[in-house]
Every structure is written in structure tokens, then in C-alpha cells.
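Please open the model in your viewer and keep the selection tool at hand. The stops below are to be visited in order.

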Amino acid sequence: MDINEFIMSNEAVIRLSFFLGIFAVMAIWEFIAPRRILTVSKVMRWTNNLALVLLNTFILRLLFPAAAVGVAVFSSEQGWGLFNYYEVSPVIAIIASVVIMDFVIYLQHVMVHAVPVLWRLHRVHHADPDYDVTTGARFHPIEIILSMLIKFATIILLGPPVVAVVIFEVILNATAMFNHSNVRLNLVVDKWLRLLLVTPDMHRVHHSVEDDETNSNFGFSLPWWDRLLGTYRDQPRGGHENMIIGIHTYNDPKQVSWLHGMLCLPFIGRINSYAINRRSWGSESDSNE
Ligand SMILES: [Zn+2]
Ligand SMILES: [Zn+2]
């Protein structure tokens, strides 16, 4: 059996195995060495956040049964995209594809903060009043569908090797769970690790209620885009234990922690200014009035 066929027929199992394995490791790590005390009970958080993850998985399977891997196989059969058009050594094509797709995710993340209607969707991820492994997969279904369509477009233009798409998805999933975890990591290890990988302390800054901190550290896997494009911030002003996680004006547990509240969140409230403009401390913030 050829490698692409093998990946096509097993991609769901491959991704699910990595998801469950890394989830279990991070969950145990959070239990042994938590970084912060949670404000909402873990049972409540996990039931609702994981219910949303389950719903998203179901919707994606229903809408796009062939998934990103299917689009990569189709593109390679059609000869579409950069790496299908030009002859490049497979190793270089794989590495370049994974790095470029990660950059697209960074740009997409900046975009969902910059465009008001998209920020409405992305608020669901940020409204989580705590920060743990389940936050990493907590996105509104419409944002999940949008991400998938952007991924499809990227694959069609880039023509990455099929195996690169699987590697990218597994890495993205793994790093999202890792860097959203409520784990205590040795500060020296964190300092060195964040040269290569977005660490929990680095991404936590992005989940601060302070607007200028929220508009920093957009990277999911590779930390370089934030450093190169000027959106990097080392630490939160209030320190990791004392900083407040979430969005200023969204505190009602029914809205920010319960499944039906999360699903309705994009459709309520007003947004006063372009979210991305909120770069300085104390400027006018997103209002819920
Ligand atoms: Zn964000
Ligand atoms: Zn996040």
C-alpha cells in the first residue's frame, strides 16, 4: 500500500491517538504541578469545553469527511500547488510545508483578532475564565469551519506532501494542548524552550484580560513569528499567578463556561473599535453593553 493511501485511510485514528495520548499526559501534569489555581471547578470546565470539542469534531466529520489530508491528496493528483508544480526534495518540501502552514495559522490568528466579526467568534476561545489543556481546543464551531477552509486554500496553493499535512496537524494539536496547559515548567527550561516552541507561560500572556497583552503572542507552535513581526511579549505585567484570564466584560458563568453560552457568545454584545487597535494599556476595550 502506498504511503498516501495509508495516511488517507488512517488519518482519523492517527490524529485521535495523538490527541488522547497528549491530552492524558498534560492532564496528569496539570494535576501534579499546576501553575495557577482554577476559578471554575474542573468538572464544570471539562464537561463543557470537551462537549464543545466533541461537537466540533462531529461537525467537521460531517462537512469535510476527507479532511485536510483529502485535499492534499487531491491537489497532488491534480498537480496543484507550489510543491506539486516544482520538483523539490521531499525532506525540504515537508519541513517548508510545516513551517509555512504554521505561519498561515499565525496570520489567521492575528486576523481573527483584527476583524471585528471574526473577533466575535474568537472571543469564545478567550472568554474561558481559566487556562488549561481543554482551553486549547475550545473554539466556536464557525471558527473551526473557517480555519478548515483557510487550511484547504493553503494546501491547494502550497501543494504540500500529504505526510506534511498529517505532521502539521498532529504538531498543531499537540502544541495547542501543551501551551494551553496549566502546568508549572522550570523557568530556565521555559526560557530555552520558547526559542523553539510556544510554551504555556508564553501563550498565557495572550489570554490576559489586558488588551495589550491579549494582542501579543499569537503563535501556536513556532514562537518565531511573534518575534519577527513585533508581537512578542515576554511575561504578563501582573505575573502568571496573579494575572486575570479571560475578557474584561464577560464574567457570567452561563455565558463563558456553559456550552450553550459559548455557542451564543458571538451573537451578543457590541464591539466598539477594531480589536487589534487595542495595543496600549488602559485604552477603551471591547464592551458588552
Ligand atoms: Zn487569540
Ligand atoms: Zn489560546
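The model is predicted, so local features need pLDDT of at least 70 and side-chain atom pairs count only at pLDDT 80 or more, while totals for chains, interfaces and linings use all residues. Residues are numbered from 1 along each chain as its sequence is written, and side-chain values use heavy atoms, with hydrogens and water left out.

**Metal site.** Select the zinc ion (ligand 1): His109, His113, His122, His126 and His206 each coordinate the ion through NE2, at 2.1 Å. Donors here are N, O and S atoms within 2.8 Å of the metal (3.2 Å for Na, K and Ca); water is not among the atoms, so sites may look incomplete. The zinc ion (ligand 2) lies 5.3 Å from the zinc ion (ligand 1).

**Salt bridges.** Next, select arginine 35, which forms a salt bridge with aspartate 201, the closest N and O atoms being 2.7 Å apart. A salt bridge is a side-chain nitrogen of Lys or Arg within 4 Å of a carboxyl oxygen of Asp or Glu. Arginine 35 also meets glutamate 241 in a salt bridge (3.5 Å, N to O). Arginine 35 is buried at 9% relative accessibility, whereas glutamate 241 is partly exposed at 44%; buried means under 20% relative accessible area, exposed over 50%, and partly exposed in between (1.4 Å probe, protein chains only).

**Surface patch.** Finally, select Leu196, Trp224, Leu228 and Leu229, which make a nonpolar surface patch of about 430 Å². Patch residues have over 30% relative accessible area and no salt bridge; like charges are joined within 9 Å, nonpolar side chains (Val, Leu, Ile, Met, Phe, Trp, Tyr) within 5 Å. Accessible areas come from the Shrake-Rupley method with a 1.4 Å probe; for residues, only the protein chains shown count as cover.

How values were computed:
Chains are lettered from A and ligands numbered from 1 in the order in which they are written.
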